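Subject: Structure for your files

Hello,

Here is the structure I said I would send. Please look through it first; my notes follow below it.

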Amino acid sequence: MPRINSAAELEERRSGILSKRDPDKTCISICSGMGCHGLGNDRVISAFEEEINKQNLKTKVDIRVTGCHGFCEKGPIVVIYPEEICYMEVTPEDVPEIISQTVLEKKVIDRLIYTDPNTGEKAAHQSEIPFYKNQTQYLISYNPKIDPTSIDDYLANGGYSGLSKALFEMSPEQVLEEVKKANLRGRGGGGFPAGRKWETARNAPGKDKYVIVNGHEGEPGAYMDRAIFTGNPHLVLEGLIIGAYAIGSHQGFIYTRHDTPQLKKNIDIALAKATEYGLLGENILGSGFNFNVEVHFDVGIFVSGESSALMSSIEGKNPEPRPKYIRTSVRGVWDMPTNLNNVETWANVSQIINKGAEWYTSIGTEKSKGTKLISLSGNIVNTGVVEVPFGTTLRELVYDIGGGVPNGKKLKAIHFGGPMGGSIPEEFLDTPLDFDELAKLGAPIGAGGLLVLDEDTNMVEKTRFFLDFLVNESCGKCVPCREGIRQMAKILTNISEGNGKEGDIELLEEIAEVAGTASLCALGKTASDPLLSSLRYFRDEYEARIK
Amino acid sequence: MKEILLQIDGRQVKATEGMTLLEAAQSADIFIPTLCHHEKLEPYGGCRLCIVEVEVNGWTKLVVSCVYPVEENIIVRTRSEKVDKIRKMILELLLAHAPDSLQLQAFAKEYGADRDRFEKEASFCIHCGLCVRYCAEVKKKHAVGFVNSGARREISFIPEIAAKECNDCKECFELCPTSYLQAVFVLTEALAFP
């Protein structure tokens with residue numbers, strides 16, 4: 001494909017792609033996210049390919065292997081367009097019937113559609129299934145419509161129009177202002193305003209400036225970044241290029257996991273295709289703006305997702321956080337101003353440019369704008385990745401979308417933020433999803449991993465589990481983190497095994513306070529958060545195991 | 001270099017831009033305890049013992065003095081209830097690994113740290129990184145490094161380099177605040193080159 005050299009040529013290319021596509025042609029969209037992949041969707045994909053060949057339907061039916069649709073609980077998921085009929089838990093044996101009944105005769109197969117476990121009500125279309133119906137999707141909504149290896153699919157869905165608008169209709173300052181006005185807050189954990197960070201990096205002196213996609217997502221129970229990045233890599237890349245333009249950076253890095261080959265493959269293809277199309281590299285879209293991206297992999301340790309540790313890793317050093325009191329947006333990679341945002345933050349950028357800050361700020365709460373991707377897991381009926389506007393209550397997340405707690409059990413608590421997050425009891429279920437509200441309660445959203453805990457959950461054991469995870473996932477450089485976590489895990493193991501002593505809780509609190517104030521990086525500073533939040537709300541469980 | 005005036009423990013101290021709080025305090029003969037600091041090495045910020053209280057525009061925060069840069073008009077307190085509490089805990093956590101270290105014992109006395117607060121887990125190392133950093137930064141040999149992470153982190157000599165370099169050097173031995181480095185080295189040597 002020849003490269004695209006102007007905004008007009010981009011629109012021509014887009015029209016060209018769309019003109020070759022018949023919106024009424026049957027398209028079988030098969031989810032190939034991590035969950036469905038694990039459930040054997042590769043066999044389902046081959047079965048569809050075989051059956052279509054056998055029945056000579058190649059010209060009439062398209063197959064699209066896509067990223068995660070979100071409903072991991074019911075995978076492998078297959079959606080048949082244009083009717084949008086959604087089939088769940090599809091096996092290779094179901095495939096001939098789907099082709100003959102649904103594709104050819106337009107009949108819905110009853111046993112493959114969604115059945116509400118409580119009411120027995122059936123729903124054939126994605127838009128009628130409560131799990132999807134109660135979400136507001138602006139980011140993950142593209143996943144079922146896009147083959148992540150096809151840049152044309154992304155362009156067909158309006159892709160790179162945000163970049164084109166930024167480059168040709170806006171100055172870098174205007175882009176920055178728009179993102180600031182949108183009050184886009186970092187989705188990686190801290191919720192720090194992305195625009196302010198961009199501005200710092202833009203204004204900091206330095207001959208080179210860098211932008212980074214943090215795609216490490218090491219938090220156990222968080223898998224939404226993977227879903228977006230694997231399923232729609234161009235969405236993240238487009239945001240990154242827009243950010244680079246605003247900041248004045250010509251070199252970007254994608255830092256991601258070494259253990260997700262599908263993600264790596266899709267990123268590599270996306271970078272190659274974007275370069276081929278003139279959307280990346282020298283003179284992007286003929287605008288004169290140059291920007292390149294390199295991919296780096298983590299070294300298999302949780303702390304390498306910490307921003308300064310990640311930057312050391314990019315420099316080829318050990319992934320240890322830096323002890324400096326100077327922000328990485330001023331001095332980051334090779335001491336140059338470096339702006340780091342996580343996958344989901346970057347994914348939000350192109351829609352802000354496209355639809356404007358005013359539209360963006362109309363979604364969400366007063367101080368948390370837009371939507372948030374949440375991974376639902378634990379004792380919940382519908383495990384999966386969901387997208388909701390800030391302000392959605394936890395009750396809506398757990399019950400309306402998540403389908404509640406399975407096996408008739410009662411909800412005990414919800415835990416946000418993995419091993420550095422916190423748990424809050426059932427009574428706070430009407431709290432809206434909001435960075436600040438949840439942080440006040442001791443359960444900051446973190447990256448967005450929501451773990452549902454039922455009445456059988458042992459809170460001491462849960463806390464011990466998280467600390468045990470961190471014992472070896474800390475880098476081990478500073479004393480309060482390395483030794484503090486080690487000792488807290490030891491004490492919790494004793495309490496958990498019934499060998500707790502009088503004074504253990506107070507000692508835990510004392511260590512937690514020191515680790516929380518004196519540790520070098522956020523890992524050590526927040527490692528005791530699960531402990532402190534569970535002591536705040538479930539102290540009696542600890543006491544019961546000591547006396 | 002720009003001159004910067006700050007207050008440490010009630011005294012006016014003159015420092016120059018780019019200095020750390022620890023350096024400023026040392027230049028004024030004000031003592032701050034350290035374990036991982038060495039004047040020939042880059043600030044490390046690992047032991048956190050040099051934590052101090054800093055008041056900036058009325059806001060008090062705890063910072064690690066070996067890496068915190070001096071700022072105009074800030075007020076530094078090298079001792080306070082909070083600072084002492086943190087130092088005591090750090091020492092207690094480290095004494096579980098090196099209970100006989102003279103340096104740790106001296107600090108423990110000052111801060112009332114209980115040598116036996118935590119169960120002993122003698123590892124002959126408190127991970128200050130002095131040997132590792134000295135070998136890398138001063139000697140530029142990288143004969144000893146850290147391996148593993150978190151609670152499993154330990155120092156390790158790289159046999160291929162150690163065999164060539166260490167015999168005539170051993171300058172890292174005397175840096176060790178637990179005086180156990182030699183034991184580790186000898187042990188490694190014995191295992192690696194029988």
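Helix 7 and helix 14 of chain A cross with a left-handed sense. Keep in mind throughout that this is a predicted model. The axes of helix 7 (residues 161–169) and helix 14 (residues 343–361) of chain A come within 8 Å of each other, and the crossing angle is roughly 60 degrees.

A second pair is helix 11 (residues 233–247) and helix 12 (residues 261–276) of chain A, whose axes come within 9 Å and cross at roughly 55 degrees. Helix 11 of chain A is therefore oblique to helix 12 of chain A. Is the crossing of helix 11 and helix 12 of chain A left-handed or right-handed? The crossing of these two helices of chain A is right-handed.

On the helix 11 side of chain A the contact residues are A:Pro233, A:His234 and A:Leu237. They meet A:Asn266, A:Ile267, A:Ala270 and A:Ala274 in helix 12 of chain A. Sorted by class, the contact of helix 11 with helix 12 of chain A has five nonpolar residues, two polar and no charged.

**Chain A as a whole**

Chain A contains 21 helices and 15 strands. Its radius of gyration is 24 Å, close to the 24 Å that the globule rule gives for 547 residues, so chain A is as compact as a globular protein of that length. The C-alpha trace of chain A spans about 75 × 60 × 40 Å along its principal axes.

There are domain bounds for chain A as well: domain 1 covers 23–133, domain 2 covers 151–360, domain 3 covers 371–454 and domain 4 covers 459–546. How far apart are the C-alpha centres of domain 1 and domain 4 of chain A? The distance between these two centres in chain A is 46 Å.

**Backbone details in chain A**

- A:Gly75 and A:Pro76 are joined by a cis peptide bond, with omega about -10 degrees. A:Pro76 sits in the loop between strand 2 (61–66) and strand 3 (78–81) of chain A.
- From A:Tyr81 to A:Pro82 the peptide bond is cis, and omega is near 5 degrees. A:Pro82 belongs to the loop between strand 3 and strand 4 (85–87) of chain A.
- A:Lys106 is a residue other than glycine with a positive phi, near 55 degrees. A:Lys106 is found in the loop between helix 4 (95–105) and strand 5 (114–115) of chain A.

**Chain B**

Chain B has six helices and seven strands. Read from the N terminus, the order of elements in chain B is β-β-α-β-β-β-α-α-α-β-β-α-α. The C-alpha atoms of chain B fill a box of roughly 60 × 40 × 25 Å along the principal axes.

Chain B is split into domain 1 (3–78), domain 2 (80–121) and domain 3 (130–192). The C-alpha centres of domain 1 and domain 3 of chain B are 29 Å apart. Domain 1 and domain 3 of chain B each put seven residues into their contact. On the domain 1 side of chain B, four of the residues that touch domain 3 are nonpolar, one is polar and two are charged.

**Where the chains meet**

How many residues does the contact take from chain A and from chain B? It takes 25 residues from chain A and 25 residues from chain B. On the side of chain A that touches chain B, helix 17 (459–473), helix 18 (479–496) and helix 19 (504–518) each supply at least two residues. Helix 18 of chain A gives the most to that side, with seven residues. By class, the side of chain A that touches chain B has 12 nonpolar, six polar and seven charged residues.

Regards

Note on methods. Residues numbered from 1 in each chain as written. Chains lettered and ligands numbered in written order. Predicted model: local features only at pLDDT ≥ 70, side-chain atom pairs only at ≥ 80, totals over all residues. Contact = placed C-beta atoms within 7 Å. Helix = DSSP H or I, 4+ residues; strand = E, 2+ residues; numbered from the N terminus. Nonpolar A, V, L, I, M, F, W, Y, C, P; charged D, E, K, R; others polar. Domains from an automatic or database assignment. Axes fitted to C-alpha atoms, helices over the stretch in contact; angles between N-to-C directions. Parallel < 35°, antiparallel > 145°, perpendicular 65-115°, else oblique. Left-handed = near helix turned anticlockwise from the far one by under 90°. Rg over C-alpha atoms; globule rule 2.2 N^0.38 Å.
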